[in-house]
Amino acid sequence: MKITKNKLLNDVHLTGRIIFLSIFAFCGIMIPFIPFITLNEFNINSIISFLVLFCVFGIPFGYFIGIRNVVYSVRVNHSIKNGSFYILEDEIIDFYATQDESSPDSHCKIELKIYSEKTNKIIPVKYKVFRKLKKGDKCFLVFVQFSKKPVIVYPGNEYFLDDELKTRLRQNMM
């Protein structure tokens with residue numbers, strides 16, 4: 001399968017993610033204002049209710065789940081469109097899988113020669129992809145300039161880079 005710039009933009013899945021996260025941000029920001037709307041007063045009870053709802057809903061949903069991830073997703077999309085990314089070609093050296101029937105995808109991981117050595121981290125992959133891989137297969141990791149984690153992972157030997165993206169290929173991490 002050929003990896004092109006358009007494929008990168010499609011595989012990031014940002015449109016749906018941004019819409020979903022924007023809903024969290026909107027709800028997290030609006031819920032603390034409910035006391036002012038329902039009480040129609042500005043008193044100590046509405047202020048305390050606002051502060052409690054802000055701590056319970058505004059910060060976790062509005063900021064941590066919503067706004068922060070929307071900004072990150074927009075930055076990733078912008079970086080890929082502008083060409084501010086690089087690709088690391090790596091090799092699979094080991095596999096890790098634990099049996100959990102509730103979510104098999106979260107427990108399928110691969111260890112890579114360069115990335116895992118530099119960061120001491122392993123990469124999660126989907127179960128369908130995981131079962132087709134073998135040691136020694138190559139793997140393409142797509143990084144943006146502001147993140148140390150790969151934003152897209154293409155494991156396996158069935159992927160190859162488009163000629164346009166070969167200029168973004170690096171042999172080691174920065």
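**A nonpolar surface patch and a run of paired strands**

Helix α4 gives the most to the nonpolar patch, with seven residues, helices here being DSSP runs (H or I) of at least four residues and strands DSSP runs (E) of at least two, both numbered from the N terminus. The model is a predicted one, in which local features need pLDDT of at least 70 and side-chain atom pairs count only at pLDDT 80 or more, while totals for chains, interfaces and linings use all residues. Residues are numbered from 1 along each chain as its sequence is written, and side-chain values use heavy atoms, with hydrogens and water left out.

Both α2 (14-30) and α4 (44-82) supply at least two residues of the nonpolar patch. I59 is found in helix α4 and counts as partly exposed because its relative accessibility is 31%, where buried means under 20% relative accessible area, exposed over 50% and partly exposed in between (1.4 Å probe, protein chains only).

Strand β3 (residues 108-112) is joined to strand β2 (residues 85-97) by five bridges, and the two run antiparallel; strands are taken to pair if DSSP finds at least two bridges between them. Y96 has K109 of β3 as its bridge partner, and K109 in turn has P124 of β4 as a bridge partner. The covered face of β3 holds C108, I110 and L112, whereas K109 and E111 form the uncovered one. In a regular strand the side chains alternate between the two faces of the sheet.

V144 is found in strand β5 (residues 138-144) and, at 0% relative accessibility, counts as buried.
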